[in-house]
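Please open the model in your viewer and keep the selection panel at hand. The tour below moves from one selection to the next and says what is found at each stop.

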Amino acid sequence: MFDGPRLAPLSGSSADALVVLIHGYGSNGDDLIALAAAMQPMLPGAAFVAPNAPSQLPHMAAAYQWWPIETFSMAERAAGAAAAAPGLDAFITAELEKAGLSSDRLLLVGFSQGTMMALHVGLRRPDAAAGIVGISGMLVAPESLQADIRSRPPVLLIHGTEDEVVPFRSMEMAATVLTETGVPVETHVSPGIGHGVSQDGLVAATNFARRVLT
């Protein structure tokens with residue numbers, strides 16, 4: 001079972017929402033829990049958890065991956081996300097059960113490869129989450145979404161115009177497919193920002209989180 005750093009609700013009482021932060025390739029949960037600390041004041045009743053991905057990069061102790069990146073091909077991404085999805089899905093279900101929360105109190109926040117996982121898993125869960133935030137990522141296996149989708153939570157996609165790792169056009173491509181599949185989508189453009197989380201993107205994510213969870 002996955003695990004990673006956590007933040008308990010600021011309210012000091014039982015969690016009224018669960019935010020799962022899903023890190024990118026070569027990163028770890030400690031990296032994304034910093035986002036939780038920034039979002040937490042606006043979501044004082046929420047619990048946050050940032051699980052580490054299931055495998056480590058070779059020879060790198062604190063660098064994790066949801067799947068290995070070797071060819072950068074669409075087929076590799078589709079196979080990798082599909083292989084990692086059951087574990088992450090089971091982790092999310094277990095965390096909700098431990099917190100005594102239903103799926104409509106769940107927010108998934110992903111970055112880069114974590115966005116690919118958040119969209120892949122979140123749209124295939126039978127009970128809709130409160131929302132999904134995808135930062136600097138893309139939609140994996142868009143051609144199979146129509147057949148695979150099981151719920152349609154609201155989605156916010158955030159992307160920097162100067163992203164040198166995941167092309168900026170990936171946001172619009174994902175938004176188009178999601179819209180065609182009946183998923184309510186919002187987008188936020190971060191001008192001049194590369195592959196990272198900007199302050200304006202963090203504000204957009206926090207405002208979206210507060211809206212869907214309150």
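Begin with the second largest cavity, whose lining, by class, has four nonpolar, six polar and no charged residues; here Ala, Val, Leu, Ile, Met, Phe, Trp, Tyr, Cys and Pro count as nonpolar, Asp, Glu, Lys and Arg as charged, and the others, Gly among them, as polar. Before selecting anything, note that this is a predicted model, in which local features need pLDDT of at least 70 and side-chain atom pairs count only at pLDDT 80 or more, while totals for chains, interfaces and linings use all residues. Residues are numbered from 1 along each chain as its sequence is written, and side-chain values use heavy atoms, with hydrogens and water left out.

Select Ile135, Ile158, His159, Gly160, Ser190, Ile193, Gly196, Val197, Ser198 and Gly201, which line the second largest cavity. On a 1 Å grid over the protein atoms alone, a cavity is a set of points where a 1.4 Å probe fits but cannot get out, whereas a pocket is an open set with protein on both sides within 12 Å along at least five of seven lines, and lining residues have an atom within 4 Å of a point. The second largest cavity holds about 30 Å³ of space, a volume being the space filled by probe spheres set on the grid points, which are joined across faces, edges and corners. Strand S8 gives the largest share of this lining, three residues; helices (H or I, at least four residues) and strands (E, at least two) are DSSP runs, numbered from the N terminus.

To display the largest cavity, select Thr115, Gly134, Gly137, Met138, Leu157, Ile158, His159, Met171 and Ala174, which line it. S8 and H5 are the elements that give two or more residues to this lining, and the largest share, three residues, comes from S8.

Next, select Val166, in the loop between S8 and H5. Is Val166 buried or exposed? Val166 is buried, with a relative accessible area of 4%, because buried means under 20% relative accessible area, with exposed over 50% and partly exposed in between (1.4 Å probe, protein chains only). Leaving aside neighbours within four places in sequence, Val166 is in contact (heavy atoms within 4.5 Å) with Ser112, Ser136, Gly137, Met138, His159 and His195.

Now show the largest pocket, with about 410 Å³ of space. Of the 24 residues that line the largest pocket, the closest to its centre are Ser112, Gln113, Val165, Val166 and His195. H1 gives the most to this lining, with four residues, and the lining residues divide into 14 nonpolar, seven polar and three charged.

**Helix H1**

Select residues 29-39, which form helix H1, and colour its buried residues, Gly29, Leu32, Ile33, Leu35, Ala36 and Met39. Seen down the axis of H1, these buried residues fall within an arc of 145° (taken from the directions from the helix axis to the C-beta atoms), so they line one face of the helix. What covers them includes strand S1 (6-7), S2, S3, S6 and helix H6 (199-213).

Move to Pro142, in the loop between strand S7 (131-135) and helix H4 (145-148). Pro142 is partly exposed, with a relative accessible area of 27%, and, not counting residues up to four places away in sequence, Pro142 touches Met74 and Val177. The second largest pocket has a volume of about 260 Å³. Of the 13 residues that line the second largest pocket, the closest to its centre are Met74, Arg77, Met138, Leu139 and Met173, and H5 gives the most to the lining, with five residues.

**The nonpolar core**

Finish with Trp66, Leu88 and Met117, which touch the most other members of the 44 residues in the largest nonpolar core, a nonpolar core being a set of buried Ala, Val, Leu, Ile, Met, Phe, Trp, Tyr and Cys residues joined through side-chain atoms within 4.5 Å. H2 gives the most to this core, with seven residues.
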